[in-house]
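Here are my notes on the model you sent.

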Amino acid sequence: MSALWVLPPLVVAGAAARLGAGVRHAALLLLAGASVSLAFAVGLFNGVAREERLLDGYLRVDTAARLFLLLVTTVFWGVSIYVVTRTRTSEKLTSMLPRFAALGVTLYSLCALSLLSNHLVLTWVLLEASTLAGTLLVMLRDRQAARRAAWRYLLFSTVGLGLALLGLACLGHAMGEHGHTVTFHVDELITRNELGHDVWSRLGLALILLGYGTKAGLAPMHVWLPETYDEAPPAVTALLAAVQFNAVMLALFRVLSVYRAEVRDLVSTELVFMGLGTMVVATVQLVGTTNYKRFIAYASMNHAGVIAVGLGVGKLAAYGVLLYVFSNALVKAVLFLTCGLIKSHYRTKDMTRLRNLVNEMPFSGMFFLLGTFALLGFAPFGSFLGEVLILSALIDTGHYFVFAAMCFLLTVVFIVTGRALFPMVWGERQQQSGVPRESALSALSNMVFVAILVLLGVFLPDSASDMLQQVANQMGGLP
């Protein structure tokens, strides 16, 4: 089955919605496109386990592409369900639906193509294009605060991706200096015995890690993330945090699969430093935050820091990193979509004013609680197993200081999160809200996401586990 069949339904749906059939037709087209794409992603995941090159090798269907395409398509399908069901109760969201359908489809399609990209420069182009679509999505509400957040998102994303492009140019120069044919096809680079570890290749790799790290919201250029995630509509935040973020992660994984063996010390030092720095910044900000959506944004930064540390360690941590990445995407989707439902019910984002969620909003209260448990790394969610594997690898590889620092920071996050979020779920509310209670249909997406989260932590089929291990070996530098 050709991977290219995943994309046309969404492209057609987005174009038709934007060209303006009415809101009802836009909703139907969005759901149809997302559902068809999910069906093809599932078919691709269960297809013959062989690599397939498309368009003269610029696209490639490999194990990593299958895994990540299934993940982001599942999230996009869930977000589409959420948006369509929310139009039944939100006039503002109803009016924005045609634009969301067009831009959301565009963002997803570009990210999906980047997952299939077998060329480092083509991947960069697709991520840059998805940034433009993301900028327009952040501004859907057309408010001054949203426009300011969109501008900051565009500025930092462009700077980060500019650094990554400069890094690719340095890597190309290093190839020429060593007499190699300059190519950025990933499968061709992997087969080369030596790519060179001179100053140009080290500089190039350092710039790529910094650039893609900026795009992923890692310190030191992370300041765009909390404001953007807060001001964007919840569905848009979920797309940025769970779809685009994972497209950036796979781009980084592919670079590491090629260059880690050549400059392992540089990769480990830079990623661990960026990861710990991000965790410190996120933890400090969590302590003083009362906006629950911004709180989840800082928690997302903390998770990105854990992923960066795991990537820096490599080897045995790589499998845990993949589990953590997959779980992290689903956790963010659950929490940000739930934040949208909570905001529409209580008309505030101040967590100190919210109590008794579990009674006033049974479905959202339950999923917000489960999402918080997964956010903190509780069993039986996949985030628990991924976190344990990363910490275990830190001990096995002798990173004792990093292990101690991570344990301390995770403990602080655990305490702060519990004190801030649990009262929202169980605390007694002085005045009951007059807004009608939610329906089970509005929580359908979160039901699916939580079910997958539990499966990742409790039962992972052998075929899926083998695929994860294969990708982990490539990005972790194992044979």
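At what angle do helix H16 and helix H17 pack, and how far apart are their axes?

1. Basis. This is a predicted model: local features need pLDDT of at least 70, side-chain atom pairs count only at pLDDT 80 or more, and totals for chains, interfaces and linings use all residues. Residues are numbered from 1 along each chain as its sequence is written, and side-chain values use heavy atoms, with hydrogens and water left out.

2. Helix pair. H16 (residues 382-396) and H17 (residues 400-426) pack at about 150°, with axes 8 Å apart. Axes are lines fitted to C-alpha atoms, for helices over the stretch in contact, and angles run from 0 to 180 degrees between N-to-C directions. Helices are DSSP runs (H or I, at least four residues), as are strands (E, at least two), numbered from the N terminus. The angle makes H16 roughly antiparallel to H17; angles under 35 degrees count as roughly parallel, over 145 as roughly antiparallel, 65 to 115 as roughly perpendicular and the rest as oblique.

3. Their contact. H16 contributes Glu387, Leu391, Leu394 and Ile395. H17 contributes Tyr400, Val402, Phe403, Met406, Cys407 and Leu410. Contact means heavy atoms within 4.5 Å. By class, there are nine nonpolar, no polar and one charged residues. Ala, Val, Leu, Ile, Met, Phe, Trp, Tyr, Cys and Pro count as nonpolar, Asp, Glu, Lys and Arg as charged, and the others, Gly among them, as polar.

4. Salt-bridge network. The structure holds nine salt bridges (a side-chain nitrogen of Lys or Arg within 4 Å of a carboxyl oxygen of Asp or Glu). Arg60, Asp62 and Arg254 are linked in a network of them. The closest N and O atoms are 3.4 Å apart for Arg60 with Asp62, and 2.9 Å for Asp62 with Arg254. Asp62 lies in the loop between strand S2 (59-61) and helix H3 (63-86) and Arg254 in helix H10 (residues 234-259), so this pair ties together parts 192 residues apart in sequence. Arg60 and Asp62 are buried, and Arg254 is buried too. Buried means under 20% relative accessible area, exposed over 50%, partly exposed in between (1.4 Å probe, protein chains only).

5. Asp265 and Arg202 meet in a salt bridge at 3.3 Å, N to O. Asp265 is in helix H11 (residues 264-287) and Arg202 in helix H8 (residues 199-216), 63 residues apart. Asp265 is partly exposed at 47% relative accessibility, and Arg202 is partly exposed at 29%.

6. Ala169. Ala169 sits in helix H6 (residues 144-177). Ala169 and Gly204 are 35 residues apart in sequence and 7.2 Å apart in space, C-alpha to C-alpha.
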